[in-house]
Amino acid sequence: MLFSEIPQELDALAGAVEAELQGVFARFDRVAEVCTRRVMAAFQEFRVSEACFAGTTGYGYNDLGRDTLDKIYARVFGAESALVRLGFVNGTHAIATALFAVCRPGDTLLSVTGLPYDTLRQTIGIAGDGDGSLKYYGVDYAQVELLPDGGPDLTAIRKAAADPKVRAVAIQRSRGYALRRALGVADIAQIVETVRKVNPAANILVDNCYGEFTEPQEPTEAGADLVAGSLIKNPGGGLAPTGGYIAGRADLVERAANRMTAVGIGGECGSTLGHNRLLYQGFFMAPHIVAQALKTAAFCAGLMARLGLRSSPAPTDPRYDIIQMIEFGSAEKLLAFCRGIQRGSPVDSFVTPVPWAMPGYEDEVVMAAGAFVQGSSIELSCDGPLREPYLGFMQGGLTYESGKLGVLLAAAEILKAK
Ligand SMILES: *Cc1c(COP(=O)(O)O)cnc(C)c1O
């Protein structure tokens, strides 16, 4: 039985952790409230009605729900335009599409947050055989590392971005699978200001995965030209069945739409097959769901600290993404934690996660997830590449109550593995 698997000592620790985090939880609730107001205002401004949920088939011309949702995303992100599509197969697809939209042959793409997320390296052409990558199409790549404290290195960025060949600057908001912190919108604003001063023509793109609704503002409001992300993370609110989005400057969003479908077709086609309601309802839920995930992450950090495990962010640190990194130090503890998270899932609770060679990743990865939507990481999940120092990255939790249960079961597995 589920409940008898949680030792009493852990229940007592959990109570202490929650007491310590009351103020932190209240902060998350306030962000959710501000973001909810923004989403609600956009729903009302664009007169969302049942007609938006009907959807289309075939070419998908005049899909009222799809076109209205584009406007809602644009408004909430403070952007001119947006492209919200079920046809994006994941976040990588949306971000890759956005990357191709901001670069032309002969340009240099400059990443200012170190090495980009694993799955984007082949798109850029710095991993894999490069065929069909940005590099293959004549786009060079350069990189500025983050400072040791995880902040942007503005001096190095100023120098690198001054190269007139740099036409696109890429920023990753979330920590991804790296030992770094997430960037706040205030950090991103500083990067934008620095780049604009030396290279006003550069297009600035933010990989926004896991960052949406963790703060009252989005990077587009801090001056980024484009943001892109996944609908099976934050903005899908756990309900979107698949998809991705791009938002930002109208000309760049249009170029991205042409890249996504075909030049001249752009965003005009793409039937929604009756799934629009889930995208709307998910976006409506998203600020609240993100707060649930943030609470789960902070709780996890607090509990792990009491078990003597280092994690980042620390329990009371500000959070700019929903990811909780835990340093396990051994494959056994990482695998034990993942077993517990799996055990605490509403779906597939009976399976045991094992490491595998996931497409697009360079090391074997262990993934624990028992999600209603396959691979959805706004639902409680944990993954970690099997390499030193055995970091686990936990994220999601559609409800704090279930997220907490998963974390407690994971802690119980760690105690057993000791
Ligand atoms: C999840 C994620 C992506 C895209 O990953 P998909 O699995 O393709 O959705 C890109 N960048 C970051 C930082 C991410 O967290």
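Predicted model: local features only at pLDDT ≥ 70, side-chain atom pairs only at ≥ 80, totals over all residues.
## Overall fold

The protein has eleven helices and twelve strands. Its radius of gyration is 21 Å, close to the 22 Å that the globule rule gives for 418 residues, so the protein is as compact as a globular protein of that length. The C-alpha trace spans about 60 × 50 × 40 Å along its principal axes. Of the 418 residues, 57% are buried.

## The seven-stranded sheet

Seven strands make an open sheet. Their order is β1-β7-β6-β5-β4-β2-β3, and the pairing is mixed. Which strands sit at the edges? They are β1 (81-85) and β3 (140-143), and each pairs on one side only. From one strand to the next, the twist averages 20 degrees.

Strands of a sheet pair through backbone hydrogen bonds, either parallel or antiparallel.

| Strand pair | Sense | Bridges | Facing residues |
|---|---|---|---|
| β5 (203-207) and β6 (226-230) | parallel | three | Asp207 and Ala228 |
| β2 (108-111) and β3 (140-143) | parallel | four | Leu110 and Ala142 |
| β2 (108-111) and β4 (166-172) | parallel | four | Leu110 and Val169 |

Leu110 stands opposite Ala142 in β3 and opposite Val169 in β4. In a regular strand the side chains alternate between the two faces of the sheet. Strand β2 is covered on both faces. Thr108 and Leu110 lie on one side, Leu109 and Ser111 on the other, and all are buried.

## Helix α2

Helix α2 covers residues 22-45, with 24 residues in total. From its first C-alpha to its last it reaches 35 Å, close to the 34 Å expected at 1.5 Å a residue.

Which residues of α2 are buried? They are Val24, Phe25, Phe28, Val31, Ala32, Cys35, Val39, Ala42 and Phe43. An α-helix has 3.6 residues a turn, so residues three or four places apart point the same way. The cover over the buried residues of α2 includes α3 (64-76), α9 (276-306) and α11 (400-417). After α2 comes Arg47, whose phi is positive, near 55 degrees.

## Cysteines

How many disulfides does the structure hold? The count is zero. A disulfide is a covalent bond between the sulfur atoms of two cysteines. The cut-off for a sulfur pair is 2.5 Å.

Cys103 is in no disulfide. Its nearest cysteine sulfur is that of Cys209, 17 Å away. Cys103 is buried, with a relative accessible area of 7%.

Cys209 is likewise in no disulfide. The nearest cysteine sulfur to Cys209 is that of Cys35, 17 Å away. Cys209 is buried too, because its relative accessible area is 8% and the limit for buried is under 20%. Cys35 itself is one of the buried residues of α2.

Definitions and conventions. Residues numbered from 1 in each chain as written. Heavy atoms only, no water. Buried < 20%, exposed > 50% of the residue type's maximum accessible area, 1.4 Å probe, protein only. Helix = DSSP H or I, 4+ residues; strand = E, 2+ residues; numbered from the N terminus. Expected span 1.5 Å × (residues − 1). Contact = heavy atoms within 4.5 Å. Pairing = 2+ DSSP bridges. Axes fitted to C-alpha atoms, helices over the stretch in contact; angles between N-to-C directions. Rg over C-alpha atoms; globule rule 2.2 N^0.38 Å.
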